[in-house]
Amino acid sequence: MIDQGYVSGIISFQLPDRIKVHGKSKPLKLPEGKEKMFIEIFLGDEYWLDRIANEDIDNIVDVGANVGVFGITARSFFPEASITCYEPNFLLKEYLDSNAEAFDLTIQYSAVGSKKGHGRLDDTECNHGEIAR
């Protein structure tokens, strides 16, 4: 895992357009501004997947998948797992669909909550996709 001091000390980082996972080069599609997310989650293993990499994991769920960086990271640790990503923000569809195809992720364009219902996603840039109240 990369400590946060390391991440904050990076002066310049360019997102790759391809990454190698399990010996295969795959296309990576991320919008500008996701550098920190990629560094922390994929390069820095922010969710400590390396600690459970030897476990027999069959199913992984990513709630709030954004552009799919966690799903991609999970795929790199668990090549045989079924990975389902939930994301309600259709503005991310271009990126998430591309990454889903490259890394064999299943996408559900919906929100997840404790009750069945409908909501409105405030997808204005200043709210970063928060649920409108």
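**Salt bridges and exposure**

Colleague: Is Glu 40 buried or exposed?
Modeller: In this predicted model, local features need pLDDT of at least 70 and side-chain atom pairs pLDDT 80 or more, while totals for chains, interfaces and linings use all residues. Residues are numbered from 1 along each chain, and side-chain values use heavy atoms, without hydrogens and water. Glu 40 has a relative accessible area of 13%, and because buried means under 20%, exposed over 50% and partly exposed in between (1.4 Å probe, protein chains only), Glu 40 is buried.

Colleague: Which residue meets the side chain of Glu 40 in a salt bridge?
Modeller: A salt bridge sets a Lys or Arg side-chain nitrogen within 4 Å of an Asp or Glu carboxyl oxygen, and the N to O distance for Glu 40 is 3.7 Å. At 52% relative accessibility the partner counts as exposed, and its name is Lys 36.

Colleague: How many residues apart in sequence are the parts that Glu 94 and Lys 29 tie together?
Modeller: Glu 94 forms a salt bridge with Lys 29, their closest N and O atoms being 2.9 Å apart. Glu 94 lies in helix α4 (residues 93–103), whereas Lys 29 is in the loop between β2 (24–27) and α2 (35–43), so the pair ties together parts whose separation is 65 residues.

Colleague: What is the distance between the closest N and O atoms of Asp 97 and Lys 93?
Modeller: Asp 97 and Lys 93 both belong to helix α4 and stand 4 residues apart, about one turn. Asp 97 is partly exposed at 30%, as is Lys 93 at 31%. In their salt bridge, the closest N and O atoms are separated by 2.6 Å.

Notes. Helix = DSSP H or I, 4+ residues; strand = E, 2+ residues; numbered from the N terminus.
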